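Me: Hi! I'm new to this one and would like a quick tour. Can you start me off with the terms?

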Amino acid sequence: MKYKINIALTLFVLIFTSLRLTAQQQVQYTQYMYTPSLINPAYVGLDEVMKVSLIHRSQWVGIKGAPVSQTLLLSTPIGERLGLGFGILRDEVGPANETNASLDLSYVLQLNNNGLHLSFGMKGGLQILNVDYTKLTTYNPNDPVDNINARLTPNIGAGFYLYDRDWYLGLSAPNLLRTKHYNKSSISTVSSATHFYFIGGKSFDLNNSIKFKPAFLLRSVTGSPLAIDVSFNFLFNERFTTGVSYRHGASVSGLLDVKVSPSLSIGYAYDYDTSDIGYFSGGSHEVLLRYYFNKLISDVRQPRWLF
């Protein structure tokens, strides 16, 4: 076991001692179907209630420097067609931590009288990046590498959501600006690449008390393979949800979600790593809290697939 842990630590050192960190990945939550506004601003307001979501994810537990992420999301409808959202995401991995703050705005168009709608969304925000190279083990401690301290960069994003009462499809790019962060000597670089997301799902009534809700998420980013997530959830009596998720070439997950009260839901996901890193980690854990305030407007357009 000690031998395996040492190998894992060595892998992390090799990754982060490179003076050029490229195509930085954005965090991808296993419970993406509950918080789509994180990747698609067109979703804000579709719940038709004010909603607050808190997410914590610990990835590759047992490996020093593994990614840890926390997210706060707030969304609310404004009248019948507008939605407003706010989000703060903090992501820490190895010597680097990044904080993203964003403001989202959506507008919904009714396409027919049978429940088909199209929502447009825009996102604007700021990213704050810190990289502390002193946390790394280097071969030459005299290398001229300066830390990156509170490097501030802007961000804009956009998305579309097409949906009716039973299904939905979404396409988005939450960060359209490709940014590069240089240290003073321009020796080390951290690069943030544009991510594209395609999400979809459908709700099936199996009987009066059980709904089947499959969903998928595709993520494309330059320099990385296509990431594919597929999930299968069952909702019982509108209160208890359980299911499984598969991330191609990465993990198999179990999901649980309980509606403790009409206002509060608690979710949990555990990822079992199927890649080589699974030999060294204890998997990944994810906890999600959602709080729904009193209904603000009618449920005329509220889809049944909403989790």
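Reply: Happy to! A polar contact is a pair of N or O atoms within 3.5 Å; within protein, one must be able to donate a hydrogen and the other to accept it, and residues adjacent in sequence count only if both atoms are side-chain atoms. This is a predicted model, where local features need pLDDT of at least 70, side-chain atom pairs count only at pLDDT 80 or more, and totals for chains, interfaces and linings use all residues. Residues are numbered from 1 along each chain as its sequence is written, and side-chain values use heavy atoms, leaving out hydrogens and water.

Me: Thanks! Which side chain does the side chain of D257 make a polar contact with?
Reply: That of R290, at 2.8 Å.

Me: And where is D257 found?
Reply: In strand β16, residues 251-259. Strands here are DSSP runs of E with at least two residues, and helices are runs of H or I with at least four, numbered from the N terminus.

Me: Is D257 buried or exposed, and why?
Reply: D257 counts as buried because its relative accessibility is 4%. The cut-offs are under 20% relative accessible area for buried and over 50% for exposed, with partly exposed in between (1.4 Å probe, protein chains only).

Me: What is D257 in contact with, beyond neighbours within four places in sequence?
Reply: Y34, R239, F240, T241, S265, I266, G267 and R290. Contact means heavy atoms within 4.5 Å.

Me: Switching to the whole protein, how many helices and strands are there?
Reply: There are 1 helix and 18 strands. Of the 307 residues, 45% count as buried.
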